[in-house]
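These are my notes from a first look through the model.

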Amino acid sequence: MKDFEKAIDYTFNNKSLLREALTHSSYANEHRDKHIRHNERLEFLGDAVLSIVVADYIFKNCPNLPEGELTKLRSALVCEKALYKFGKQIDLGSYLFLSKGEKNGGGADRPSIVSDAFEAVIAAIYLDGGIEPARKHILRFVVPEVKNQNKKPFKDYKTTLQEIVQKNPGEKIEYKLESESGPDHDKHFVFQVLLNSNIIGRGGGRSKKEAEQNAAHEALELMGY
């Protein structure tokens, strides 16, 4: 565990928290007589800490992204695939306490196990040292990913579509709300984009702006752009 502390650049005051974070349920079940705690509860807490830290960071550092794009970016940064990648960077799998069967079956390299343990380690750091050490640990992995995303310019499909249509005088683009569903805190909108009253695209989203952008995106694809 000392080697792992070096790998994550954090020294635990409560070593039992780290041990718990690194212990898979298969190992705990294999040693029931010793009443060993596994990492599933920590995984639950770590998921919440990870989400708020990532949301806070991208909200402050991606000011040009609309709500829908922020949601997509956060999802990409906290999904199993991303967490598995982060875990591999610190060779997390090799530090896990797994049952003999799980270890022999390749559990140390299984994405679900590694990503869950990554979240558990976040929770352990949070409980041991507070939000700032947890934030530092998370951002070590997240910041490079966000910077790569920021290199990709936001596609303003509505503007692109408008510029194309304007090349033909007399043609008019408009957006029309087709449907609205869901409770106030989780709305879903569907918009049509019309060219001279003809529907050329549809798009949905959690905000009207996102739905309009997705409608314009579909229209551009159908037009061959």
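I looked up Glu 5 and found it buried, at 8% relative accessibility; buried means under 20% relative accessible area, exposed over 50%, and partly exposed in between, with a 1.4 Å probe and protein chains only. Glu 5 is found in helix H1. Helices (H or I, at least four residues) and strands (E, at least two) are DSSP runs, numbered from the N terminus. The model is predicted, so I kept in mind that local features need pLDDT of at least 70 and side-chain atom pairs pLDDT 80 or more, while totals for chains, interfaces and linings use all residues. Residues are numbered from 1 along each chain as its sequence is written, and side-chain values use heavy atoms, with hydrogens and water left out.

I listed the contacts of Glu 5 (heavy atoms within 4.5 Å). Leaving out residues up to four places away in sequence, Glu 5 touches Tyr 10, Thr 11, Phe 12, Lys 15 and Leu 18. With Lys 15, Glu 5 forms a salt bridge, the closest N and O atoms being 2.7 Å apart. A salt bridge here is a side-chain nitrogen of Lys or Arg within 4 Å of a carboxyl oxygen of Asp or Glu. Glu 5 lies in helix H1 and Lys 15 in helix H2, so the pair ties together parts ten residues apart in sequence. Lys 15 is partly exposed, at 38%.

I turned to the nonpolar cores, sets of buried Ala, Val, Leu, Ile, Met, Phe, Trp, Tyr and Cys residues joined through side-chain atoms within 4.5 Å. The largest has 46 residues, and Ile 58 and Leu 92 touch the most other members. Helix H8 (111-129) gives the most to this core, with ten residues. Apart from this core lies another, of eleven residues, including Leu 161 and Ile 200.

Which residues does Leu 92 touch, not counting those up to four places away in sequence? I noted Phe 4, Leu 22, Gly 87, Val 114, Ala 117, Phe 118 and Val 121.

I checked backbone angles next. Most residues other than glycine have a negative phi. Asp 91 has a positive phi of about 55°. Asp 91 sits in the loop between H6 and helix H7 (100-104) and is partly exposed, at 44%. Ser 197 also has a positive phi, near 75°. Ser 197 is in the loop between strand E2 (188-195) and strand E3 (198-205), and at 58% it counts as exposed.

I returned to the charged pairs. The structure holds 15 salt bridges. One of them joins Asp 186 and Arg 206 (3.8 Å, N to O). Asp 186 lies in the loop between strand E1 (173-181) and E2, and Arg 206 in the loop between E3 and helix H11 (208-222), so this pair ties together parts 20 residues apart in sequence. Asp 184 and Lys 187 meet in a salt bridge as well (3.9 Å, N to O). Asp 184 is exposed, at 74%, whereas Lys 187 is partly exposed, at 22%. Asp 56, Lys 60, Glu 132 and Arg 135 are linked in a network of salt bridges.

My last entry is on distance in sequence and in space. Glu 40 is in helix H4 and is partly exposed, at 43%. Glu 40 and Asp 116 are 76 residues apart in sequence but 7.8 Å apart in space, C-alpha to C-alpha.
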